[in-house]
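I opened the model today to look up its overall build, its cores and its strand order. My entries follow.

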Amino acid sequence: MNRIDLHTHTTASDGTFTPSELIEKAYNIGLKTIAVTDHDTTEGLDEALEKSKEYPSLEVIQGTELSSLYKNREIHIVGLFVDKDNSEFKSGLESLKEKRTARNVKMINKLKGIGFDLSYDDLVSVSGGKVITRAHFARLLQEKGYARDKKEAFDKYIGAGKPGYIKRDVLTAEKAIALIKKGGGLAVIAHPLMYGFNQKELEDMATDFAFWGADGIECYYSTHSYSDTVLALSLAETYGLLPSGGSDFHGENKPGLNLGSGYGDLIVPQKTLDNLKVKKYG
């Protein structure tokens, strides 16, 4: 059986494995294909692709994961087979990075306003200078002693509605899909059952995203039960979306969630990848 993982993160965003470490781990656990899909960036891909030269049997797919806004909820869209060097795509990602930076500065100022001794340089140091997410804020608050752990940091300070929270300025779902397509990628709705939608809302989302040009939907995912997978596969079939899947591996930032196998029983079928490749390459 060829083991596949089409949703992973590195230190280029909010994972704790460097791109090289991720590729090495993927090879060591027997993965045959891995997609590197960091949040709103492709900055880890050069390192990942270079490291993969040591492991010719391991296929590395260039990807990203874009945040988007749909019906007042943040929906994530995985881009697979993107061209990291496409000028329009790169420009779009750079714009997203600038928006993230502006938001992060505002969040630091809000946290300083409630008495925390923090600076933006502290945040950059914790993040390693890559795309900064709230996971990095949580780590900083923990390291500075303002929170016992990352969960407390989110629950008390940086979760939605908390004193240090600033809402992100993100693309609409339609524009996020369009950006992935500009980069030559396939747009996949990430973890569709994590957004709290009821059945009708899920159907509406699948309808809208398919109309906007989405190619797939994650059916095989670390937190999916059997019935969740069946539901997602039904949405895929009904609305003409290809099944995709992956662990959403973040290293230590998602304890117990393993590369390739999620919480132990995740399997992404080979035919899933085969069908996505047919859509991409014909």
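I took accessible areas from the Shrake-Rupley method with a 1.4 Å probe. On that basis the protein chain has an accessible surface of about 12,400 Å². Carbon and sulfur atoms hold 49% of that surface. I note that this is a predicted model.

**Overall build**

I looked up the secondary structure next. The protein chain has ten helices and eight strands. I then checked its dimensions. The C-alpha trace spans about 55 × 45 × 40 Å along its principal axes. The radius of gyration is 18 Å, which agrees with the value near 19 Å that a compact globule of 282 residues would have.

How much of the protein chain is buried? I found that buried residues make up 51% of the 282 residues.

**Cores**

The largest nonpolar core has 44 residues. Which of them touch the most other members? They are Leu6, Ile77, Leu80, Met205 and Phe209. Helix 7 (residues 173-182) gives this core its largest share, five residues.

I went back to Leu80 and listed its contacts, leaving aside neighbours within four places in sequence. Among them are Leu6, Ala35, Thr37 and Ile61. Further along the chain, Leu80 is in contact with Gly185, Leu186, Val188, Ser244 and Leu276.

Is strand 7 (residues 216-221) mostly covered or mostly open? I found it mostly covered, with six of its six residues buried.

I checked its pairing with strand 6 (residues 186-189) first. The two run parallel and are joined by two bridges.

I then turned to strand 8 (residues 242-246). Five bridges join strand 8 to strand 7, and the two run parallel. Ile217 has Pro243 in strand 8 as its bridge partner. Here the chain crosses from strand 7 through helix 9 (residues 226-239) to strand 8, and this β-α-β crossover is right-handed.

Note on methods
Residues are numbered from 1 along each chain as its sequence is written. This is a predicted model: local features need pLDDT of at least 70, side-chain atom pairs count only at pLDDT 80 or more; totals for chains, interfaces and linings use all residues. Side-chain values use heavy atoms; hydrogens and water are left out. A nonpolar core is a set of buried Ala, Val, Leu, Ile, Met, Phe, Trp, Tyr and Cys residues joined through side-chain atoms within 4.5 Å. Buried means under 20% relative accessible area, exposed over 50%, partly exposed in between (1.4 Å probe, protein chains only). Helices (H or I, at least four residues) and strands (E, at least two) are DSSP runs, numbered from the N terminus. Contact means heavy atoms within 4.5 Å. Two strands pair if DSSP finds at least two bridges between them. A crossover is right-handed if, with the strands pointing away from the viewer, the path from the first strand over the helix to the second runs clockwise. The radius of gyration is taken over C-alpha atoms; the globule rule is 2.2 Å times the number of residues to the power 0.38.
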